[in-house]
Amino acid sequence: MKKNRITIDDVAKALGISKTTVSRAISGRGRIGEDTRERVLEYIKENNYRPSPIAKGLAEKRTYNIAVVWPIDYGYTDLPFFHRCVAGMNRVTSVQGYDILICMVKGDDIGELERVVEYHKVDGVVLTRTLVKDPAAEYLLSCGFPFVAIGSSDDEDIVTVDNDHFRACMEITSILATHKTKKIALIGGDTNHVITQTRYSGFVGGMKKAGAEVKDELIRLDVDSERQVSEILSEYRRHGVECVICMDDMLCDMFLRCCRNEGVTVPRDIKVASFYDSRLLDNADPPVSALHFEDMGLGQKAAEMLLDLIEGKKVSKELISEYDVILKGSTK
């Protein structure tokens, strides 16, 4: 017959001490004699005592939860990235006894994030993107709460982890530009997103490296609709653009759809590439040249860094250099 799990009250009664003393011995905190601590630890070892997560959390003043902040304005095309990142985080948190709580924010409305922090529902936070004007990061900094941001930031007080998007974007741009394709255009999204700024800088760096001219009239940012993309395609055709680089998979999917609708053949009439690869482009015809990053590893690293912060360890910004430049039929 399986023995019932003993409680902290059972340990206290068996040793003739208070439950507070038992809790202090288990957590390693608070004033307690070394002999008493050893007695408690020896007893719980012999009796296979395992504190419940709630009791352990109360003893250590922890919830054993972390919040992953997900912007509500992200669309269905962002879900694969989010899913892979969270899967990577879970690899780390589950081993350490932590659970993940998903927290939604909408623009400047960070009420849900404020609630989980101020009601002590989590021990730390992972932000899944960085912004030029970032109310979530500003709030967490103001209250000294442990957090890690996936992305990059010029603020030295924000601990970040990110893929090396600058180097990757520079590399694929320079490769495309050196293949006798000099008139290259760029389509990007929200300029309040730091990733947009980073990818733009990588594009400019790649063009300069290849000795190609960066033409301002061929760079279109803050694009978020298929109508805009259709208008941009017409402009690029008038300018004789040879290759279009899209900053992400969603914009690339829109651009390819507009090409099909308007009878523009890829790559015969215009070459196309993407600074980010995902399943959204898996069935593209022709296959799309793109950058590939390991999002699961990114999430795993973010969780490792956050748990170190929660433990009071010193943590520095990190840049993950692994990526693949995959050239396919869309640029041949």
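Which residue in S10 stands opposite alanine 273?

Reply: Serine 289 in S10 stands opposite alanine 273. The model is predicted, so local features need pLDDT of at least 70 and side-chain atom pairs count only at pLDDT 80 or more, while totals for chains, interfaces and linings use all residues. Residues are numbered from 1 along each chain as its sequence is written, and side-chain values use heavy atoms, with hydrogens and water left out.

Helices (H or I, at least four residues) and strands (E, at least two) are DSSP runs, numbered from the N terminus. Strand S9 covers residues 271-274 and strand S10 residues 289-292; the two run parallel and are joined by two bridges. Two strands count as paired if DSSP finds at least two bridges between them. S9 also runs parallel to S8, to which four bridges join it, and there valine 244 stands opposite valine 272.

In a regular strand the side chains alternate between the two faces of the sheet. In S9, Lys271 and Ala273 point one way, Val272 and Ser274 point the other way, and all are buried; buried means under 20% relative accessible area, exposed over 50% and partly exposed in between, with a 1.4 Å probe and protein chains only.

These strands belong to an open sheet of six, in the order S7-S6-S8-S9-S10-S12, with mixed pairing. Its edges are strand S7 (219-220) and strand S12 (324-326), each of which pairs on one side only.

Helix H8 lies across strand S6 (184-187), strand S8 (243-246), S9, S10 and S12, at about 160° to S10. Helix H11 (residues 249-261) also packs on the sheet; H11 touches S6, S8 and S9, and its direction makes about 160° with that of S9. Contact means heavy atoms within 4.5 Å. Axes are lines fitted to C-alpha atoms, for helices over the stretch in contact, and angles run from 0 to 180 degrees between N-to-C directions.

H8 has 14 residues, 165-178, and at 1.5 Å a residue should span 20 Å; its end C-alpha atoms are 20 Å apart, which agrees. The expected span is 1.5 Å times one less than the number of residues. The buried residues of H8 are His165, Ala168, Cys169, Ile172, Thr173, Ser174, Leu176 and Ala177. Just after H8, lysine 180 takes a positive phi of about 60°.

On H11, aspartate 253 counts as buried at 15% relative accessibility. Leaving aside residues up to four places away in sequence, aspartate 253 touches Leu280 and Leu281. H11 also packs against helix H10 (residues 226-239), at an angle of about 60° and with the axes 9 Å apart. H10 and H11 are therefore oblique to each other: angles under 35 degrees count as roughly parallel, over 145 as roughly antiparallel, 65 to 115 as roughly perpendicular and the rest as oblique. Their crossing is right-handed; a crossing is left-handed if the near helix is turned anticlockwise from the far one by less than a right angle, and right-handed if clockwise. From H10 the contact takes Glu226, Val229, Ser230 and Leu233, and from H11 Leu251, Met254, Phe255, Arg257, Cys258, Cys259 and Asn261.

Another open sheet of six strands has the order S2-S1-S3-S4-S5-S11, with parallel pairing. Strand S2 (99-105) and S11 are its edges, each pairing on one side only. Neighbouring strands of this sheet are turned by 20° against each other on average, direction ignored.

Strand S5 (residues 160-163) is covered on both faces: Thr160 and Asp162 on one side and Val161 and Asn163 on the other are all buried. Two bridges pair S5 with strand S4 (residues 147-150) in the parallel sense, with alanine 149 opposite threonine 160. Three bridges pair S5 with strand S11 (residues 318-320), again in the parallel sense, with valine 161 opposite glutamate 318.

Helix H6 lies across S1, S2 and S3 of that sheet, at about 145° to S2. H6 (residues 111-118) packs with helix H7 (residues 135-142) at an angle of about 20°, their axes 10 Å apart, which makes H6 roughly parallel to H7.
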